[in-house]
Amino acid sequence: MTEGVRIPPGMRAHAYAGVELLLDMIYTARSRAPLDLETLLIYLTVSEATMRPLMLDPSTQPDIMNLAEPPEAYRGSITRLLAADRLGLPRETVRRKIKKLVTMGLVQEDAEGRMRTTRNFANADIQSWVKESFSAVQRYDARLRQFGKAGVSGPKSTDDEPFP
């Protein structure tokens, strides 16, 4: 029994806000794409791998970041095996779900088995999804502040409306 045992200050508030954010993000994603949770996780894993070089390479020029279709050199990829390992899913499940994502036009696979998301940032639905996801993060920040916690952002900035 843990009666009388104390937890660190703010832990429950952060746990609640974190769960709320995760559920909000899942709802937002599933409302935009009719995917089961495993397929959605695979898509997000491929998406992160595709964007990683563009977003994390310090030599990326700012003007490249705003191109709907950045040059191939800035696009990463991931294999089915690595996606399966990252998500803890069986390889066969990942293979089937990738096939579905390719059929839907959301993912492409090259001859070496590397996967990338298709170039879809010019799509209004994708842009709306990104805006809704950012709104979920803002709600997370507001919830933490409601609980008297510091939140995730500094003082209010122009990031309230980062998308023209």
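I'll start with Thr 79, which sits in strand E1, residues 78-79. Keep in mind that this is a predicted model.

Is Thr 79 buried, exposed or partly exposed? Its relative accessibility is 32%, so Thr 79 counts as partly exposed. Its side chain has a polar atom 3.1 Å from the backbone nitrogen of Leu 82. Beyond the neighbours within four places in sequence, Thr 79 makes contact with Gly 113, Arg 114 and Met 115.

Next, Arg 116. This residue belongs to strand E3, which covers residues 114-117. Arg 116 counts as buried because its relative accessibility, 19%, falls under the 20% cut-off. The Arg 116 side chain comes to 3.0 Å from the backbone oxygen of Arg 75. Setting aside residues up to four places away in sequence, Arg 116 touches a list of residues including Val 46, Thr 50, Glu 72, Arg 75 and Leu 106.

Now the chain as a whole. There are six helices and three strands, and from the N terminus the order is α-α-α-β-α-α-β-β-α. The C-alpha atoms fill a box of roughly 60 × 45 × 30 Å along the principal axes. Of the 164 residues, 29% count as buried. Among contacts with a separation of 6 or more, 65% are between residues 24 or more positions apart.

Last, surface and charge. The accessible surface is about 10900 Å², with 58% of that belonging to carbon and sulfur atoms. The chain carries 23 positive and 21 negative side chains, and the centres of these two sets are 4 Å apart.

Note on methods. Residues are numbered from 1 along each chain as its sequence is written. This is a predicted model: local features need pLDDT of at least 70, side-chain atom pairs count only at pLDDT 80 or more; totals for chains, interfaces and linings use all residues. Side-chain values use heavy atoms; hydrogens and water are left out. Helices (H or I, at least four residues) and strands (E, at least two) are DSSP runs, numbered from the N terminus. Buried means under 20% relative accessible area, exposed over 50%, partly exposed in between (1.4 Å probe, protein chains only). Contact means heavy atoms within 4.5 Å. A polar contact is a pair of N or O atoms within 3.5 Å; within protein, one must be able to donate a hydrogen and the other to accept it, and residues adjacent in sequence count only if both atoms are side-chain atoms. Accessible areas come from the Shrake-Rupley method with a 1.4 Å probe; for residues, only the protein chains shown count as cover. Lys and Arg count as positive and Asp and Glu as negative; His and the chain ends are not counted. The place of a charge is taken as NZ of Lys, CZ of Arg, CG of Asp or CD of Glu.
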